[in-house]
Amino acid sequence: MRTNELVAEASKRLRGAMTPAASLIMILLLTAWGLALATHAFSLLLHSMFLHSDTTQPLVSAMPVLFGTACFLLICGPLWLNARRWFFRLDEGFVPLRTAFYYVSSISRYRKTLCFTLSVTGLRFFAALFCFLPAAIVWAAVRVVAFADVYTLLAVILDGILFILGIAFSYYLLSGLFLSEYLFISGQKHTPFSAVRCSFQLMRGGRGRLFKLLCSLIPYFLISLAVVTLPLTVPHIESCFAVLAKQLLTENQSGAFKDPDRQDGGEYVFTE
């Protein structure tokens with residue numbers, strides 16, 4: 001399936017489902033906004049309590065950030081995976097909006113989903129950090145050490161090269177994780193590391209198709225910068241990702257990829 005056909009298929013999946021899709025994104029945005037307000041209120045409370053204490057000032061400044069990050073990961077992470085699951089199932093017929101909260105409907109599902117979300121998020125963060133760390137070190141050296149003009153120029157050029165390489169390696173690693181969440185959603189993998197391992201194997205040859213799709217979605221990403229347009233742009237973006245993920249997973253059902261966790265050499269079975 002070509003990129004334009006994939007985008008057309010994604011738009012077709014949203015026919016009749018745009019209103020609940022936009023409502024789902026609005027729920028996520030309101031939840032994130034509420035967490036931001038709660039974090040700000042917590043920050044104001046701490047500063048009012050420890051306003052005259054200079055010794056605890058760094059701790060007081062760091063606690064709201066840690067609180068907001070923890071709340072975002074514990075609440076928004078599983079909710080976003082629920083939303084991605086809802087978009088993934090759109091072409092199965094009528095999918096009620098209540099199914100978008102499947103993973104938070106019980107404690108066991110939420111616990112499993114939270115473990116998966118935190119693991120994959122951590123892997124993405126450290127992958128990006130590893131890729132851009134050399135460029136950050138060189139840039140810090142340029143800012144701190146007083147080089148001669150010629151050496152400063154060479155350091156800046158080296159930093160630019162490392163930054164470009166960091167972007168390339170970051171895309172390679174992060175695109176390898178593209179299917180990890182969809183493997184969990186489809187029920188093929190239930191542990192984070194098995195999903196990540198299989199995702200890297202399934203994405204061999206698929207990174208170029210993902211890159212073409214991302215390039216075709218650039219206008220939607222730019223429109224999304226207005227924030228108020230997110231309920232209209234995010235559903236189309238997620239539908240495109242879901243179509244590509246289903247295409248990649250379906251192609252590997254034919255036996256092109258064998259599940260390394262199975263001992264019988266069987267093929268992937270796409271189940272919900």
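**Figure 1. Helix H5 gives the most residues to the lining of the largest pocket**. Its share is 5 residues. The model shown here and in the other views is predicted. The largest pocket has a volume of about 590 Å³. Helix H5 spans 149–176, and the other elements that give two or more residues to this lining are helix H3 (57–88), helix H8 (207–216) and helix H10 (230–251).

**Figure 2. Residues at the centre of the largest pocket.** The largest pocket is lined by 17 residues. Closest to its centre are Arg-84, Phe-178, Leu-214, Phe-221 and Phe-241. By class, the lining of this pocket holds 12 nonpolar, 2 polar and 3 charged residues.

**Figure 3. The second largest pocket and the helices around it.** The space in the second largest pocket comes to about 330 Å³. At least two residues of its lining come from each of helix H2 (18–49), H3, helix H4 (107–144) and H10. H3 has the largest share of this lining, with 6 residues.

**Figure 4. Residues at the centre of the second largest pocket.** In the second largest pocket, 16 residues form the lining, and those closest to the centre are Leu-28, Phe-72, Cys-76, Gly-77 and Trp-80. The lining of the second largest pocket divides into 11 nonpolar, 3 polar and 2 charged residues.

How values were computed: Residues numbered from 1 in each chain as written. Predicted model: local features only at pLDDT ≥ 70, side-chain atom pairs only at ≥ 80, totals over all residues. Heavy atoms only, no water. 1 Å grid on protein atoms, 1.4 Å probe; cavity = no way out; pocket = protein on both sides within 12 Å on 5 of 7 lines; lining within 4 Å. Points joined across faces, edges and corners; volume = space filled by probe spheres on them. Helix = DSSP H or I, 4+ residues; strand = E, 2+ residues; numbered from the N terminus. Nonpolar A, V, L, I, M, F, W, Y, C, P; charged D, E, K, R; others polar.
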